[in-house]
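Here is a short briefing on a ligand site and a strand hairpin. The structure comes next.

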Amino acid sequence: MAGDMQSARGTSRLYQGKGPWLLLPAWAVIGIFLLLPVCLIVVYSFLTKEFHGGVIPEPSLAAYDQFFFDRGIFGDDPPRIEWNYIEIYLLSFLQAGLATLFCLVIGLPSAWYIATRPIRLRQMLILVITVPYWVNLLIRTISLKFLIRDEGPMNAFLQWTGLLDHPLHLVNTSYAVQLGLFYSYLPFMVLPIFASAERFDIALSEASADLYSTKWQTFRLITLPTIWPGVVAGSILVFVPSLGAFLAPNLLGGAKTYMIGSLIDEQFKGAAGNWPFGAAAATILMSVVLVVLILNARSQIKLKGAG
Amino acid sequence: MNDQANAQIASSSTAAIQVLSAQKRFGQFTALDKVSLEIGAGEFFTLLGPSGCGKTTLLRLIAGFEDLTSGDILLYGATQAGLPPNRREINTVFQQYALFPLMSVVQNVEFGLLRKGIAKVEARRRALAALEMVHMGSFVDRSPVQLSGGQQQRVALARALAPEPKVLLLDEPLSALDLKLRQKVRLELTTLQRNTGITFIFVTHDQEEALTMSDRIAVMSHGRVQQVGTPEEIYEHPRNRFVADFIGETNLLAAEQLEGQGTQATVRVMGGRPFRVERSADLGVGASHVSIRPENLILTDAEEANISGTVSQHVYLGTDVQIAISAADGTEIMTRVQSGSASTLPAPGSTCHLKVREGRARLVDD
Ligand SMILES: Nc1ncnc2c1ncn2[C@@H]1O[C@H](COP(=O)(O)OP(=O)(O)OP(=O)(O)O)[C@@H](O)[C@H]1O
Ligand SMILES: [Mg+2]
């Protein structure tokens, strides 16, 4: 086609990688340390439980059966749907979804603000965003617990100002878990949005205003489509780890707010564990996430095709 | 009564844009200093000046991207102070075009029409007509990133013209184009302006562009307007040293004013024979320089000489030969003669005498 040469504009062949072997090291690492263990998990989920942890190499669907069906205490009642685990999953999706939403609502304006500062300030603000990551997540989560517990500094301060007359019970509620997730993953929302917002040409906003757009129309029609890839990437980076998080629910949520991460975590611990069941729970989680990601990728491609 | 009188003033004045002692400061820096301009409806008006003189700043103030520090800007008599860009019936062709990269060419052009609340079908029809007008009718569905610089420039023009603004602002729209294309587009732009009747305010630092395209030019420097006039007025009757120097080539020489009345004066340069010069009636008292274009200095003999000096070099320019002469006090003077007369040129190092063409020198303000 005549347009072929022009469509290559800005992606000069000269600087494009010469071959797929540039990807080889990355593929090797992903293959050995990610795909292989994932395959192992899937295989384990179809094996038989060994009583002191571990598996017996004997094919079995018991783990999935346990996940989806309730057959009574002795296992010989007619099967009924087991809601326990499904509920944990739904609750986890809700928590992860809310965490993503909060991160988006707070992270998008922050990312936009940072991206529109002068270059020096921009670099400094981005550094500040990453500062919490200099401290390990476990320690951060524990210190968050110290901060918000009933006798902690936050409640002491709120009572001192007279805003509250008795402490706010946050620890061991789903609100604390929500706070923990939001706090843990906020930078994963800010950074990708920042990366796409930084490349946004402010002259486009001016052109839009010049052509009779209100501020809101400019945001919706010009700015948002440009930074959309960043928003999608950030949402995935927050949603997926939130779904499998176990530090925040374990440390901040206590026994009442159980999430998928905690459920799986427990199955691989000590004699009380059940490896095939944990593996099955993980496999189900991965399948659901995979389906969501594939649907998202397809809608992205469709958007591009139409636009 | 009073209202009626006001209405009459507003309707009888045909100024599309009035800039009333507009001032713009960025921190301590004054980018525009008490600029006043009146731009007529349907005029092709050019802001001309060197880099950094405040042209873009003035354009951005008119468009509404910046707020005035003081002063006012009126569009057909109505103040635009405090109005955001989307509430001003003024559109801009940006220097780098600023086309929306995620939209097709036609979506870019109909964008303004849709925001103005024009129905989809009608907006599409008018967008296509605007693209047809700039000869881009066959690129409707392309993405702007797949267009050449010249094509992008046309789309930007169509996008700004489609909503039929009262005033169109163009910030150096030709600077990204190569010379050949620039000359072609110049002609197209002036034709387009005449056919649409829309007031154009055009920014450039290229004097040739300004002289060939404009109805009137405002020459700016250091945030001030130095002179406003038709291309001919600006070229032939520069008011001050800056304008004389900036527009075309000229010799600016310190002169002794012997007598001066009305629009005529007699001056002497470097002790030579006195000669008559033009001056504007409102010239400042400090005026002490004459501007003489190279083509208005003629080689002559010693008796008739207004200025004398030593030839330092010849530069062959095609149809003309430029002769550089250094006067006794070291001042460099340029003159031009036609190349045909090359055999009679004074050799470098020889003494040479110059006469000022009658009535073609001007006394200018400092
Ligand atoms: N946002 C700003 N902050 C500070 N100074 C500014 C700002 N915008 C412009 N200036 C200054 O104001 C002066 C005029 O700038 P302007 O862009 O209007 O010049 P210009 O005549 O358009 O020049 P050019 O031909 O190079 O485009 C310059 O000295 C510039 O540095
Ligand atoms: Mg400029």
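In the hairpin of S12(B) and S13(B), B:Gly262 has a positive phi near 55 degrees. Two residues lie between the strands of that hairpin. This is a predicted model: local features need pLDDT of at least 70, side-chain atom pairs count only at pLDDT 80 or more, and totals for chains, interfaces and linings use all residues. Residues are numbered from 1 along each chain as its sequence is written, chains are lettered from A and ligands numbered from 1 in the order written, and side-chain values use heavy atoms, without hydrogens and water.

**Hairpin**
- S12(B) spans residues 256–261 and S13(B) spans 264–268; the two run antiparallel, joined by five bridges.
- Strands pair if DSSP finds at least two bridges between them.
- Strands (E, at least two residues) and helices (H or I, at least four) are DSSP runs, numbered from the N terminus.
- B:Gly260 stands opposite B:Ala265 in S13(B).

**Shell around ligand 1**
- Residues around ligand 1 (a heavy atom within 4 Å) include B:Phe26, B:Glu172 and B:His205.
- H2(B), residues 55–63, and S2(B), residues 29–40, each supply at least two shell residues.
- H2(B) gives the largest share, three residues.

**Polar contacts of ligand 1**
- A polar contact here is a pair of N or O atoms within 3.5 Å.
- The side chain of B:Ser51 places an N or O atom 2.5 Å from a ligand 1 oxygen.
- For B:Thr57, a polar side-chain atom lies 2.5 Å from an oxygen atom of ligand 1.
- B:Cys53 uses a backbone N or O atom, 3.2 Å from an oxygen of ligand 1.

Notes
A polar contact is a pair of N or O atoms within 3.5 Å; within protein, one must be able to donate a hydrogen and the other to accept it, and residues adjacent in sequence count only if both atoms are side-chain atoms.
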